[in-house]
Amino acid sequence: MCTLPLLGGCSGIQSALDPKGVAARAIYEAWWVMFLGSLVILSLVMAMALYALLKNPDHRWRIGSSTLIIGGGVALPVITITALLTYGVQLGDRLTSPPGDALKIEVTGKQWWWEVRYPDKESVVTANEILIPAGRAVQVELTTEDVIHSFWVPNLAGKKDLIPGKVNKLLLQADEPGVFRGQCAEFCGSQHARMAFFVIAKTPEEFERWQMLQRQVSRLPVNPVLARGRDAFLSASCGECHTIRGTSARGTRGPDLTHVGSRRTIGAGMLETSADNIGIWIVDNQRIKFNDRIPAYPKLDRDTVREIATYLESLQ
Amino acid sequence: MTLSDYRLDGWRGVISGFVIWAAYFVVIYAYLSVGCEKGLSDAELLGVNTVTLGLVAITMAALGSIGALGWVGFASWRAAARGNSEDEKTTAGTRNRFTGLLMMMTSGLALLSTILVGFPVLLLHPCQ
Amino acid sequence: MTTRDDTAAATVADTGGADRSSRLHHRFEAIWGTPPGIARLSAVNHTSIGIRFIVTGFVFFVLGGLLSMLMRVQLALPENDVLDEGIYRQFFTMHGTTMMFLFAVPILEGFAVYLIPKMIGTRDLVFPRLSAFGYWCYLFGGIFLYSSFFFGSAPDGGWFMYVPLTDAQFSPGPNTDFWLIGVTFAEVSAVAAAIELIVAILKTRAPGMSLDRMPLFAWYILITSFMIIFAFPALILGSILLEIERAFGFVFFDAGRGGHPLLWQHLFWIFGHPEVYIIFLPAAGMLSMIIPTFARRPIAGYTWIVLSVIAIGFLSFGLWVHHMFTVGIPQLALSFFAAASMAIAIPTGIQIFAWIATLWNGRPVVTIPLLFVLGVFFIFVLGGLTGVMLALVPFNWQVHDTHFVVAHLHYVLIGGMVFPLFAGLYYWLPLFSGRRYSESLGRAPFWLMFIGFNVTFLPMHLTGLLGMPRRVHTYAEGLGWDWLNLVSTIGSFLLAAGIALVLLDVILHFLFGKRAHRNPWNAGTLEWAIEAPVPTYNFISIPRVQGRDPLWSQAELVNKMNRGELFLGNPDSDQRELLGTNTVTGEPESVIRISKSTWIPLLTALPLALFFFGLLARVYVLTAIGGALVVVAALVWLWTTGHRQAPDIVDAGCGVSLPIQYASPQAPGWWAVCFTIMADAVLYSSLLFAYFFLWTVSDAWPPADHSPGSLAFPLIGIVVLLASSAVVVWAARCGREGASVRFRYGQLVALVLGFAFLVLQTLMLLDFDMRPQQHAYASLVYTIVGFHLVHIVIAMLMAGFVFFRSWFGYITVSRQLETRVSSIFWHYSVFQWLLGFGVIYLFPAML
């Protein structure tokens, strides 16, 4: 399995302990406070229990039972939780109040991939990859087309569920440009483990440029191989499920492929995007990601597959 | 008859503080959900959201009644503890002391729980 | 620990007493014994049933454990393929389901069934047939669930079964049906046992055992049982709704047709969170018995502990939404649940510090049970602390549904349930076997378990914080989770080895353990007054207790008890007799005669299995046959309960004569019916909650194109129903005054009115202009009406039953129990429809 290069040894790209966004950092700080506090309380309880068990009864400090119970069982928790609750309530409020200039992005969960829409002006549609401008708040609107999923990019923020009959909102903000991995966090059936995506924070200029590019229709084939690839794509009825703007492919069940070549991965984080991998995916996706909604095409001959793959890879 | 003379027998007194807490919890959650979904939160009275006002009123009512129960418990406990001479030695005496004390303690904890659950009402907008 | 037992020694010296005691033993054994051979299956005695629950529970524990071992093997390495995703889904679903429904709840109920009568000083539970029936339901439910593996379609939607993943569209196979039906079957058992335990604790404590003298374990079980009554119906209702939606196309959870998937989550977690405490409390109750014994002093803060148990019982119902912090609920609503989730730390802290205070002010001996207690302190407190963290809403958003939560829940459940259970197992072993475990052999397994547990689950906190979600069958390499998962897998093998050694140690001790005499730990509570291994009848005569630890304060108790000098020491009636006592004071009120061994519980559970099998296979003829047979079996069950010739007043020993339960206003049956109605009312409230929940989230309710039918049928129905209640009141009064013919006429009239109501309701539904498949509104109207009609049919069966009971002379002026039971159920059913009518007809009109 060739996922290693995807992650490039970058453990920490899906970690709550490596915060790169406003919400994640606030939560990270809360975690440290609670962790240290818990350590103190646990040590205290264990020390008292061991003392009570092991110390010779005749040489123990005399402490009345009521003192122990009221001190440890009432006063200690009451003080701790009052402080924690006050803090938590206000933090939760702060992390869910969007600033006025937040960028709106719509994410739809599907078994087992993510459709991403940028509803501003001419809309941009992509899949499994969300580009955001660093330093700006992003309001993600979450809906689902089938079962419940959960959208989670630990480096940037906590998670939010995608629930039928409901639109949920999640606030993201990356401090600096970077690549962050996310994954579905609510059990959603067979390939729940393989429903990953990337959030890529760019500088505002780069983000603008990327949006401009994405708004364009697909690039026309610049050589006969690519042209044959496009024709093969269309004649193998791939367009029944996929859209490539600028061609007759208008399907909506699968990801929009207009700029598939510009994305880092295919198959919701399964394989790095390359002509070879696209070919492997077309032929063998049911082995790689069993039950995925895309049928495998083992009958397509090798050359056709390579041409389709090369064409798709060229759609930058 | 004053509140201090009022008695709730055995198990009723022991659970009633938390029964009120439970009812309080259900009522504020239901009131908040319905209030927000059905648009009651759009109105304001004296600059405060009406849903918030309602929640505060319900919380006050709960605190008041649990407090009263706690007082009854305290009074029964003290009465049983003081006891008249023959009562003190009987099992009835110790039992009443136990249930009175327990009634006071459960009401106390229920009161604390009500305060904890209720105070965020003052910090947050009800429907966001 | 050096053990001495002055009372036991005294008994041996008193040879005359010993002879008498042994004579009485044989007489009682003849009354209480279970027949040999295959007829053992007809046993109803609480000792037998308790042991069956415990043994079966351990079998399921091992099965659930094996599933988890295989899951750990799969997760040991990234991109592993030992288990494919389909198998993995089935395994994690069945692991959770097994541990929650087939291990934790039943085994603790097993311990309660076994121990409670011994601790509170009685000979059996009050409804022995119900105990046995509960066991069979549990066993059949478990077998039902596990049989799904043979069809390759074990449940695979997670133990929480979230819709829409588990609805007919996304899970068309029978997997989900196995779960819904099997779990409901097992839950029937839990509710039955809960009702029985409540009545036993309230009504059959030893004389003098007032509320403030009850052993703490009884307090824990009492509160836990009430929690079961209030929590389980929510899931039973949820399961019924989901099964109806799957099988008949009704709508409750489908957002496209007016339902909502969050309705399921609410129903599930209203059950699911109290469930965690339902598992923790009995185990904590064991600790509250073990710690004073080995600290060699009474428990510190008895009242504080009772306070904490009551508080947990209530507060645990205010936590359920903390499983739903990420579903998109307004902040303020979340804060209520966050507050309650944190508030529960107070009573939990009180308990922990009461235990520490007991040890601190005692002279503890570190035995194996106490080692396990020490394990609890570390593991459970750590789990509790991460629990408080999880109640902090923003932190929850980060770690919810990750391995952090997997770690947390195992710390709480293994620390709060398995370790105490094992402490309790070692502690009470002498009662089961008459032998003692070996102090030296038991230490290694404990340390293996303790270390293995922490190696498995401590790293999982980090795994979750580093971003690994739950319920994934595999994970990509290089995300920083690889070594953590490998460590967890290695730890899990240590843990499993430790558990296996404990079970082996326990099995071996039955063969090689040193003989234990009475009360080997010199404990203070009544179960240790019984000779080990325990005889079937527990007590030769029932002692009067004068404190919380009678064996510490009443020196002569055991001798008097064994000479039959106390209550019910005379076996002449040849009946199984218990002493009924006052709820609060524990003063004797009645003599309760209970059932001997009988096949009826098994013969009722078998057709119930057929009923459920028919539902699963969707062969509704089988369901109908099974249902009819259950009714027949239940009628036989009830008919053979009660003794027509038994005297109204019985000699209870100690110079006291008491009414027999059929003639007592305090009969256990009366209390049981009240609690059953309570459980049923929760079920009905859950259904009404579903109605109002869907109304809250709907745009138009009822849907715009719906026109309410004519009010004629429902209004006539209300009149008929109210009239029937009046007739039932009148008939009951005639019965009390001895006019039994008029009493029977009254029942007949009630039957006619009930039947008329059935017809009217059918006409009303025919008049209704929507089919339940169209919209959630219609589904709820049909379900509310149908739910109520089932009650009317049951009430009619009961009216028919008391008609014949009166005819055959079981119901007399002095024996009004059955009339009271059938009347209250009738009125309850009528009241239910008054609410239903209000919801269906008045509420939409008010909008």
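The legends below describe close-up views of a predicted model.

**Figure 1. Chain C as a whole.**
Chain C holds 25 helices and 6 strands. Its C-alpha atoms fill a box of roughly 85 × 85 × 50 Å along the principal axes. A compact globule of 847 residues would have a radius of gyration near 29 Å, and the 28 Å of chain C agrees with that. Of the 847 residues, 61% count as buried. Among contacts in chain C with a separation of 6 or more, 81% are between residues 24 or more positions apart.

**Figure 2. The largest nonpolar core.**
This core has 423 residues. C:Ile116, C:Met342 and C:Ile356 touch the most other members. Helix α8 of chain C, residues 261-295, gives the largest share of the core, with 22 residues. In soluble globular proteins, nonpolar side chains tend to be buried together.

**Figure 3. The surroundings of C:Met342.**
C:Met342 is one of the core residues that touch the most other members. Leaving out residues up to four places away in sequence, C:Met342 touches residues of chains A, B and C. From chain A come A:Ile81, A:Leu84 and A:Leu85. Chain B gives B:Leu116. C:Val388 and C:Ala391 are the contacts in chain C.

**Figure 4. Where chain C meets chain A.**
The contact takes 72 residues from chain C and 73 residues from chain A. On the chain C side, α4 (85-119), α8, α10, α11, α12 (368-391) and α13 (393-399) each supply at least two residues. Helix α11(C) gives the largest share of this side, 11 residues. By class, the side of chain C that touches chain A has 48 nonpolar, 18 polar and 6 charged residues.

**Figure 5. Where chain C meets chain B.**
Here 27 residues of chain C are in contact with 34 residues of chain B. Four helices of chain C each supply at least two residues of its side: α9 (302-315), α10 (331-343), α11 (345-360) and α21 (668-697). The largest share, 9 residues, comes from α10(C). The side of chain C that touches chain B divides into 20 nonpolar, 6 polar and 1 charged residues.

**Figure 6. An open sheet in chain A.**
Three strands of chain A form an open sheet with mixed pairing, in the order β4-β10-β9. The edge strands are β4 (129-133) and β9 (178-183), and each pairs on one side only. The twist averages 25° from one strand to the next.

**Figure 7. A cis peptide bond at A:Trp112.**
The peptide bond from A:Gln111 to A:Trp112 is cis. Its omega is near -5°. A:Trp112 is found in the loop between β1 (103-110) and β2 (113-118) of chain A.

**Figure 8. A cis peptide bond at C:Pro533.**
C:Ala532 and C:Pro533 are joined by a cis peptide bond. Omega is about -10° for this bond. C:Pro533 has its place in the loop between β2 (514-515) and α17 (550-553) of chain C.

**Figure 9. Positive phi at C:Met161.**
C:Met161 is not a glycine, yet has a positive phi of about 50°. C:Met161 lies in the loop between α5 (128-147) and α6 (175-203) of chain C.

**Figure 10. Positive phi at C:Leu568.**
C:Leu568 has a positive phi of about 55° and is not a glycine. Its place is in the loop between α18 (557-562) and β3 (576-581) of chain C. C:Leu568 has 28 C-beta neighbours inside 10 Å, so C:Leu568 counts as buried.

Methods. Residues are numbered from 1 along each chain as its sequence is written. Chains are lettered from A and ligands numbered from 1 in the order in which they are written. This is a predicted model: local features need pLDDT of at least 70, side-chain atom pairs count only at pLDDT 80 or more; totals for chains, interfaces and linings use all residues. A nonpolar core is a set of buried Ala, Val, Leu, Ile, Met, Phe, Trp, Tyr and Cys residues joined through C-beta atoms within 7 Å. A residue is buried if 20 or more other C-beta atoms lie within 10 Å of its own, exposed if 12 or fewer, and partly exposed in between; C-beta atoms are placed from the backbone. Two residues are in contact if their C-beta atoms, placed from the backbone, lie within 7 Å. Ala, Val, Leu, Ile, Met, Phe, Trp, Tyr, Cys and Pro count as nonpolar, Asp, Glu, Lys and Arg as charged, and the others, Gly among them, as polar. The radius of gyration is taken over C-alpha atoms; the globule rule is 2.2 Å times the number of residues to the power 0.38. Two strands pair if DSSP finds at least two bridges between them. Axes are lines fitted to C-alpha atoms, for helices over the stretch in contact, and angles run from 0 to 180 degrees between N-to-C directions.
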